[in-house]
Amino acid sequence: MRTRSPSRSTTENLPPPEPIQAAGAEFDSASALMVLKLSSWSPDGNQIVFSSDRDGNYEIYVMNADGTEQRKLTDNDAPEYDISWSPDSRLLLFVSEMEGNAEIYTAEVANLSNHRLTRNQQADRQPVWSPDGTRIAGVGLSGSRMVYVLAADGSSMLQVIPWFPYVDHLCWSA
């Protein structure tokens, strides 16, 4: 039987971060990591979606893979987060608190229109598309966490795990 030695921090004795260039703007490494954490490539590889607080709160932006044509997808006083591309790269799922509660929305990337999918008393988080794009899984927060699946149009919500103490990241198997 093999045993592992205790792991060491990968940040020990590293030099200070160097500024980097991205899409014509300079970021330090900490900022770049934040952008990477809040960004995602489209499945077709042509676009990148990202969340930025450049206007004072987190909004969703879409740009070409080369950094050109940045377009604001949301524009309100509430934060948006938990972004997920549809398998065909036409739609985005995201969570917004624009109507007071964290709910799941879809957005058409081509015309920047938004559509609310969930209308729950609890906060909804972490939406993710099924591989075929027909269903969406999400996490409902109401004291405890539950995992549910709904149709891509927001109908037919089915609770699949009634109580789960901690859900960090949902994903579908193929």
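Reader: Which residues is Asn57 in contact with, once its neighbours within four places in sequence are left aside?
Author: Ser52, Asn76, Asp77, Ala78 and Pro79. Contact here means heavy atoms within 4.5 Å. Mind that this is a predicted model, where local features need pLDDT of at least 70 and side-chain atom pairs count only at pLDDT 80 or more, while totals for chains, interfaces and linings use all residues. Residues are numbered from 1 along each chain as its sequence is written, and side-chain values use heavy atoms, with hydrogens and water left out.

Reader: What makes Asn57 count as buried?
Author: Its relative accessibility is 15%. Buried means under 20% relative accessible area, exposed means over 50%, and partly exposed is in between (1.4 Å probe, protein chains only). So Asn57 is buried, and that in the loop between strand 4 (47-52) and strand 5.

Reader: How do you know that Asp55 forms a salt bridge with Lys72?
Author: The closest N and O atoms are 3.0 Å apart. The definition asks for a side-chain nitrogen of Lys or Arg within 4 Å of a carboxyl oxygen of Asp or Glu, so Asp55 and Lys72 qualify. Asp55 sits in the loop between strand 4 and strand 5 and Lys72 in strand 6, so the pair ties together parts 17 residues apart in sequence.

Reader: What about Asp75: buried or exposed?
Author: Exposed, with a relative accessible area of 62%. Asp75 also meets Lys72 in a salt bridge, 3.5 Å from N to O.

Reader: What makes Glu97 and Arg125 a salt bridge?
Author: N to O comes to 4.0 Å, and the limit is within 4 Å, so the pair counts. Glu97 is in the loop between strand 8 (91-96) and strand 9 (103-108), and Arg125 is in strand 11 (residues 123-129), so parts 28 residues apart in sequence are tied together. Glu97 is partly exposed at 28%, as is Arg125 at 25%.

Reader: Which residues do salt bridges with shared partners join into one network?
Author: Asp55, Lys72 and Asp75. The whole structure has six salt bridges.

Reader: Why are strands 3 and 6 called edges?
Author: The open sheet has four strands in the order 3-4-5-6, paired antiparallel. Strand 3 (39-41) and strand 6 (71-72) each have a single partner strand, so one side of each lacks a neighbour in the sheet. Strands are DSSP runs (E, at least two residues), numbered from the N terminus.

Reader: How do you know that strands 5 and 6 pair?
Author: Two bridges join strand 5 (residues 59-64) to strand 6, and pairing needs at least two DSSP bridges. Val62 stands opposite Arg71 in strand 6.
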